[in-house]
Amino acid sequence: MITKRFAKSLALVWLSLKLSAAVGQSPISLDDLPPPPPEFKRLIEAGEVAFEFGGDAAVRSYAAETHYRIACDYKTRTRWRLSPNGRQLRIVARLGRLGWPPRHTIWIRNRPESETFWYNPLVLHEFDHVRLSTDRRWREKLEALKRNPMGIQHDLSSGEQVTPTLVDQVVDQFLQSRLQEVFDLIDIRYRELDRQTAHGQEPLPEDSPLQSFLRAPQPDSSDQPDRSDQPDRSDQPDSSDP
């Protein structure tokens with residue numbers, strides 16, 4: 001029986017809900033806006049949120065869209081051996097480190113007025129998308145992989161030789177499939193939010209399962225309140241105020 005051990009570091013970049021390429025969009029600097037409400041400030045930091053507007057709107061389907069990218073980097077330690085008949089590669093892998101930094105870009109067709117930016121209905125809706133993809137439960141699903149060794153089996157094809165490169169590829173494919181399961185769940189919830197709210201034109205039903213995500217604390221702070229400190233349309237300043 002042959003047993004090998006080695007460590008591997010790998011960085012993966014996953015793009016989810018990719019936007020069509022636009023030309024000429026302009027950034028919206030936070031320096032040009034009033035200070036964001038506390039919850040939005042936390043979301044901007046947790047989700048590394050940037051804002052853009054304008055550009056070639058013909059390639060965009062809606063008045064606003066959220067693009068997110070999650071780049072996962074991880075380190076594994078593995079042991080492997082061959083089955084008694086030599087036809088199956090059996091790997092035990094431990095996940096040692098997991099990086100999960102999400103990044104978001106909120107694009108809006110027409111730039112909202114700075115004074116009421118944080119109360120704009122499109123901005124409110126797109127921040128709901130950010131809440132979904134920064135929810136701590138996604139990282140917790142992946143952190144669960146670190147608690148126990150991962151048993152991975154690979155049937156060797158005729159003439160296939162066991163090398164560190166092959167072991168590396170088998171482990172990477174296994175982890176990619178687990179990561180993709182999480183990303184697929186995020187995508188499903190993005191689409192379900194748009195379906196239930198008609199892309200932000202209607203309020204989310206109170207009995208929607210998505211409410212548990214939108215009211216949950218965000219991952220980077222243990223003392224975050226729920227959405228009660230989010231700007232509400234009823235709190236929007238009257239445009240007639242001096």
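Helix α3 (residues 136-143) packs against α4 at an angle of about 165°, with the two axes 10 Å apart. That angle makes α3 roughly antiparallel to α4; the term applies over 145 degrees, while angles under 35 count as roughly parallel, 65 to 115 as roughly perpendicular and the rest as oblique. Axes are lines fitted to C-alpha atoms, for helices over the stretch in contact, and angles run from 0 to 180 degrees between N-to-C directions. Helices (H or I, at least four residues) and strands (E, at least two) are DSSP runs, numbered from the N terminus.

The model is predicted: local features need pLDDT of at least 70, side-chain atom pairs count only at pLDDT 80 or more, and totals for chains, interfaces and linings use all residues. Residues are numbered from 1 along each chain as its sequence is written, and side-chain values use heavy atoms, with hydrogens and water left out.

The crossing of α3 and α4 is right-handed, that is, the near helix is turned clockwise from the far one, whereas a left-handed crossing has it turned anticlockwise by less than a right angle. In α3, Trp138, Lys141 and Leu142 meet Arg178, Leu179, Val182, Leu185, Ile186 and Arg189 of α4, contact meaning heavy atoms within 4.5 Å. These residues divide into 6 nonpolar, no polar and 3 charged. Here Ala, Val, Leu, Ile, Met, Phe, Trp, Tyr, Cys and Pro count as nonpolar, Asp, Glu, Lys and Arg as charged, and the others, Gly among them, as polar.

Helix α2 (residues 121-134) also packs on α4, and the angle is about 155°. This makes α2 roughly antiparallel to α4, and the crossing is right-handed. His125, Asp128, His129, Val130, Leu132 and Ser133 in α2 meet Ile186, Arg189, Tyr190, Leu193, Asp194 and Thr197 in α4.

Helix α1 (residues 38-47) crosses α2 at roughly 50°, so the pair is oblique. This crossing is left-handed. On the α1 side the contact is made by Glu39, Phe40, Leu43, Ile44, Ala46 and Gly47, and on the α2 side by Leu124, Phe127, Val130, Arg131 and Thr134. By class, the contact has 7 nonpolar, 2 polar and 2 charged residues.

| Pair | Angle | Axes |
|---|---|---|
| α2 and α4 | about 155° | 9 Å apart |
| α3 and α4 | about 165° | 10 Å apart |
| α1 and α2 | roughly 50° | within 10 Å |

The structure holds 1 cavity of 30 Å³ or more. On a 1 Å grid over the protein atoms alone, a cavity is a set of points where a 1.4 Å probe fits but cannot get out, and lining residues have an atom within 4 Å of a point. The largest cavity has a volume of about 30 Å³, the space filled by probe spheres set on the points, which are joined across faces, edges and corners. Tyr74, Leu95, Leu98, Leu142, Leu145, Leu175 and Leu179 line the largest cavity. By class, this lining has 7 nonpolar, no polar and no charged residues.

Technical notes. On a 1 Å grid over the protein atoms alone, a cavity is a set of points where a 1.4 Å probe fits but cannot get out, and a pocket is an open set with protein on both sides within 12 Å along at least five of seven lines; lining residues have an atom within 4 Å of a point.
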